Amino acid sequence: MTNAVLITGGAPYGEDVADILVVDGVIAAVGPDAATDPRAARAETVDAAGLVVLPGLVDLHTHLREPGREDAETVETGSAAAALGGYTAVFAMPNTDPTADTAGVVEQVFRLGEQAGLVDVHPIGAVTVGRKGERLAELAAMATSAAQVRVFSDDGDCVADPLLMRRALEYVKAFGGVIAQHAQEPRLTQGAQMHEGEVSARLGLTGWPAVAEEAIIARDALLADHVGSRLHVCHLSTAGSVEVVAAAKQRGTDVTAEVTPHHLMLTDERAVGYDPVFKVNPPLRTRADIDVLRAALASGVIDIVATDHAPHASQDKETEWDNASPGMLGLQTALSVVIATMVEPGLLDWRGVARVMSEAPARIGGLTGQGRPIAAGEPANLVLVDPAARWTVRGAEFASLSRNTPYEGMELPGRVVATYLRGRRTAAVGRPVGAVAGQGV
Ligand SMILES: [Zn+2]
C-alpha cells in the first residue's frame, strides 16, 4: 500500500514556498510538480502555511542513559524527546552501565532505538575499556557490529593520556571513524565546580579554568595532524578554544567542533544562587565567551550544534551544588535556543540552521540517509517549524524522564510542529497538522 503525504504551503529553508510530496518515505517532488503528481490525489494533506521546513535534525551528542540508568532516561523516552525537538537521528554517548565499549552493548542500544522507532539511534562507542583511560576498547568490533559505530568518545571524561589518544586516532583511520574528545585536562580541573573566574572567586567555588579545555584541544589537533586522522571536539565552551580550532583548521587539520545550546545562551552568573540545574561540564562561561562562540558558529569555525542532552534523576540533581551531577536536558529546547541566540540576532539564516543542526552533524557522524537536501529522491526526514510561535518551557511536560532543564519558565521562540522520519510522523505539537478530514493530531 502506498503511503503518501502532501505538505502544502511550507517554506523549505525559510525561503520560497513549495509543496512537498512524500511517497513511501521518500521525497517524490518539491514545488509545482508536487500537487499535480497523480499520487498527490490520494495523499494525506498537511497544511504547513507559515511554517519553515528543514531537514530532520541530527544530534551528535546525546545521553540516553540506557542501559543502567533507566530512572533518568531510556532509549524510548529519549527518542520521544528527540522527535519532539525536531530530530530524526541522535548519537548516544557510551557512558552507560555497562559502558558501551563492546559490540554487544552498542548493538543492544541500536536495537532499542529500532524498537522505539522514533529517531535513528546511533551508538557512540567508548574509546577505552570502561572509559577508564587505560587501554583501547574493541573499536573495530564495534565498527563492524550491527550498530556500525563510526564515532568514539569517552565523553564525560577526557582521553587524557596522549599516547592512548594517538593510538585511538590511528586506529579509527582505517574505517573512517572519528574520535570525539571531551577536552578537559584532569589535573587542571580536579574538584572543579564552575568556570574559573570572577564569579567563582566571589562564590568560593573551585574553578574550571578555560586553559584546561584549550590545552587538550591544541594537543589533540596536533596529534590528529601528526597521524593524519580526524578529530571532533565536543562542546567547545571558551573563546580560547575557538582560537585554537580556527588555527588548526587554518593549518589544514581535519578537525570539527561542536557547541551546545546552553553555552550559546547561559553564563556563569547563573551559578549565583547555587541552583545545581546550572551545573554542567564544561561549565557555563562568560558573556565574552558566548559572543565568540556565536560568531564562530556563524562563520563555520564551529561546525555544529550538539545538545549534550544529559538527563539526571532528581536525587542526583536536586541536591547541594558540590554533590550534584553535571548536565542539562537539551533535546526539546535546542532548536528554540538556536533560534533565540543565532537566528533572531541575524547570525544564522534557516539554511545555516539546517547546516549546523542537520547536514554537518550527519556528515561528521558518517550518516548517508540523514542531513540530506529537501529534494526529490531524498529520504523524507523533515521537520516543520513555526517560526512565529513562542512557548514557555515546562520541564514537567517534556517526554524526557528527567526534569533538569535550565530554561524552566523561560519563553522561547520557534516551535516544532511536526517531525517526519522517512515519511512517518513521529511528533506533532503546537498546533494540529495532518488534516486528514476530521482527524486532527
Ligand atoms: Zn562531555
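Here are a few notes on this predicted model, taken site by site.

1. Let's start with the metal. The zinc ion has three protein donors listed here: Asp155 through OD, His182 through ND1 and His235 through NE2, at 1.9 to 2.3 Å from the ion. If you want to find them in the sequence, the spacing to look for is D-x26-H-x52-H. Aspartate 155 sits in the loop between strand 10 (151-152) and helix 5 (162-173), while histidine 182 is in the loop between strand 11 (178-181) and strand 12 (194-195), so this pair ties together parts that are 27 residues apart in sequence. Both aspartate 155 and histidine 182 are buried.

2. How do helix 5 and helix 7 cross? The axis of helix 5 comes within 10 Å of the axis of helix 7 (residues 210-227), and the two cross at roughly 45 degrees. The crossing itself is right-handed.

3. As for what touches what there, helix 5 brings Pro162, Met165, Arg166, Leu169, Glu170 and Lys173, and helix 7 answers with Arg219, Asp220, Leu223, Ala224, His226 and Val227. Sorted by class, that contact holds six nonpolar, one polar and five charged residues.

4. Is helix 12 mostly covered or mostly uncovered? Helix 12 spans residues 334-343 and is mostly covered, with nine of its 10 residues buried. The buried set is Ala334, Leu335, Ser336, Val337, Val338, Ile339, Thr341, Met342 and Val343.

5. Leaving aside residues up to four places away in sequence, leucine 266 touches Phe278, Leu284, Arg285, Ile290, Met328, Pro406 and Tyr407. Asparagine 381 is 115 residues from leucine 266 along the chain, and their C-alpha atoms are separated by 30 Å.

6. Last, valine 75. This residue belongs to helix 2 (residues 75-84), and with a relative accessible area of 0% it is buried. Which residues does valine 75 touch, not counting those up to four places away in sequence? They are Leu64, Glu66, Val109, Leu112, Gly113 and Val121. Isoleucine 7 lies 68 residues away along the chain, with 29 Å between its C-alpha atom and that of valine 75.

Technical notes. Residues numbered from 1 in each chain as written. Predicted model: local features only at pLDDT ≥ 70, side-chain atom pairs only at ≥ 80, totals over all residues. Heavy atoms only, no water. Donors = N, O, S within 2.8 Å, 3.2 Å for Na, K, Ca; no water. Helix = DSSP H or I, 4+ residues; strand = E, 2+ residues; numbered from the N terminus. Buried < 20%, exposed > 50% of the residue type's maximum accessible area, 1.4 Å probe, protein only. Contact = heavy atoms within 4.5 Å. Axes fitted to C-alpha atoms, helices over the stretch in contact; angles between N-to-C directions. Left-handed = near helix turned anticlockwise from the far one by under 90°. Nonpolar A, V, L, I, M, F, W, Y, C, P; charged D, E, K, R; others polar.
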